[in-house]
Amino acid sequence: MKKNINALIVVTIVLIIAAIVALIHGQYEIGLKDIWKIILLKFSGSSNEELSTPSLVLWSVRLPRVIMAILAGSALSVAGAVFQGIMRNPLVSPSILGVSSGASFGAAMAIFLSARTAFLVELSALFWGLLAVIIAYKIGNRGINSITTLVLAGVIVSAIFSAGLSFMMYQADPYEQLPAIVFWTMGGFNKILWANVFRAFIIISIGIIVIYVFRWRLNLLATGDEEAMSMGVNIKTARALYVTFATVIVAAATASCGTIGWVGLVVPHMSRMIVGPDHEILIPFSALLGGTFMLLMDTIVRNLPGGEIPISIITSFLGAPFLAYLLMRQNRQEWKM
Amino acid sequence: MNNNETLAVNDLNFAYRERKVLQNINFSVGNGDICGLLGPNGSGKTTLLKCINGILGNGNNSIKVHGKSISSLQREEIAKLMAVVPQELHLVFSFTVLQVVVMGGGSRFGLTGTPKEKDYLEALEVLEELGVPHLASRIFNELSGGEKQIVLIAKALFQKPHILLLDEPISHLDFKKQYTIMELIKKITREKNLTTLITLHDPNIAGRYCNKLVMLKEGNIVYQGSREDVFHAKSLEAIYDIRVQIENTRKGGMYVLPAD
């Protein structure tokens, strides 16, 4: 118990340090002392000619981006931990029920239909992401209502929306729309504005708080449906609750920064290696570690010498080998298939 | 309501779609009873346990605990009345033994509750009571079959039930462990005045530990009653479809073996 509290404190400190590093570095370097001064200026309400450029970079560009990366990383990781827990499968990613395919389809459709504002693209992504999961859930509940049918339904729905996405990419205007769609599907934080942050913050923080409140009961669901029932869980209601809130936070994160792979799969693993499988600690730890992980990845991609690359490239490039490493040492501790 | 009827099953029928699995099941079990459910594979023993637990066929009023039908109860309320010890439990994640035992208290912590320090201490006491406090910080998946079974019993006890349902708890265990676990079940049933239902494959174990027997064949009860009344060659032959003979040992025990 004590050890786990310490783990939470350590990861929080790492997150704060990562945030400071992320705020300092970038195409325009801001000194650590300047950051402090800019914050003081903001609160005192006065202005300083000398600091106007770094102040602009910090408030309008870097801070929203840093907050969004933390939010998205937390959302994907918490959702990943939830899905892995209720599906009793450590290889499940938060997009297992089709939320990412749905959201990509929605964003592509909005771009394809020449949506004028980023807000419309975001709204369409959110809507179709949620719709995809609702369809998958309906199909999954029709059959014998097992986890396997649910996962299969997710695969089916993902396939349909991926086909739709491919069709639109094929039909899209190759000079304007196609690059926008491609960039969106790769995900990233380079177009994040405060408006995105506020919208995502409201949805993601509510979702994470609800999951946090109900977190311990995930342990019961992780032992098996009949086990959970005999220990007093109404599994239909419980599963619907967890799936709903996990999906909503993933959809919100995806809607504002595109599909970013591997974070939601790998971070819960890393968290289990550090604090064990008890969801009481796993959920808050995954949120903090996920935020830290995403922020570090984003800080790396925007500070690369050759210029920025889409973040999914690096999350996959680091995430996939990490999973390979876990598979090779599978017979040790964290989990068994 | 009489004290001898903690659990009453009245006219229970259950079918998977068209296939009838249980028909006209009537029996009752009281405090301190160890009731053995005997019958060949596919005779409906496990289904019966799941019906009693309300996992299958909820909605008819055939299962009553302390005279009250369970079909009107929430899962959480049922969990406060009865706990299940499964045949085996395979966990995907590496929970520790103590974490597994504490899960048994889930129905007391409430929907948003988390176990507190005192709950962990109490779970540890249950492990101590069963003689395995040293397992507390071990990873559940790494235990031997017998150790897992004791931990599952501890989890069920931590649930603080009136009724204990065990589904073939010893089928995977070696010769000695089968008796160790059965002795444990006998002891806790007596000490905690539980009502214990247990499905078993080995009639010898049933004859040794159960004071009540319910014998199933093809979804029907063919014999039921106290051990003295129904544990005989005729009833065993009827359910298992094999000629048996019962030998008496010098110490007064009985054992069943196939007839020559």
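**Chains and helices**

Modeller: The contact takes 27 residues from chain A and 27 residues from chain B, where two residues are in contact if their C-beta atoms, placed from the backbone, lie within 7 Å. This is a predicted model, where local features need pLDDT of at least 70, side-chain atom pairs count only at pLDDT 80 or more, and totals for chains, interfaces and linings use all residues. Residues are numbered from 1 along each chain as its sequence is written, while chains are lettered from A and ligands numbered from 1 in the order in which they are written.

Colleague: Which helix gives the most to the side of chain A that touches chain B?

Modeller: H10(A), with four residues. Helices here are DSSP runs (H or I, at least four residues), numbered from the N terminus. H9 (218-221) and H10 (225-230) of chain A each supply at least two residues of that side.

Colleague: Switching to chain B: which residues of H5(B) are buried?

Modeller: Ala123(B), Val126(B) and Leu127(B). Buried means 20 or more other C-beta atoms within 10 Å of a residue's own, exposed means 12 or fewer, and partly exposed is in between, with C-beta atoms placed from the backbone.

Colleague: And why do they line one face of the helix?

Modeller: Seen down the axis of H5(B), they fall within an arc of 100°, so they line one face. The arc is that of the directions from the helix axis to the C-beta atoms. Those buried residues pack against helix H3 (97-103) and helix H6 (145-158) of chain B.

Colleague: What's exposed on the other side of H5(B)?

Modeller: Glu117(B), Lys118(B) and Leu121(B). Just after H5(B), Gly131(B) takes a positive phi of about 80°.

Colleague: OK, Ile78(B) next. Buried or exposed?

Modeller: Ile78(B) counts as buried, because it has 25 C-beta neighbours inside 10 Å. Ile78(B) lies in helix H2 (residues 75-81) of chain B.

Colleague: What is Ile78(B) in contact with, leaving aside neighbours within four places in sequence?

Modeller: Asn53(B), Gly54(B), Ile70(B) and Leu73(B).

Colleague: Back to chain A. How do H5(A) and H11(A) cross?

Modeller: The axes of H5 (residues 118-142) and H11 (residues 235-257) of chain A come within 8 Å and cross at roughly 150°. That makes H5(A) roughly antiparallel to H11(A), the word for angles over 145 degrees. Axes are lines fitted to C-alpha atoms, for helices over the stretch in contact, and angles run from 0 to 180 degrees between N-to-C directions.

Colleague: Which residues make that contact?

Modeller: Among them are Ala125(A) and Gly129(A) of H5(A), and Thr247(A) and Ala251(A) of H11(A).

Conventions
Parallel < 35°, antiparallel > 145°, perpendicular 65-115°, else oblique.
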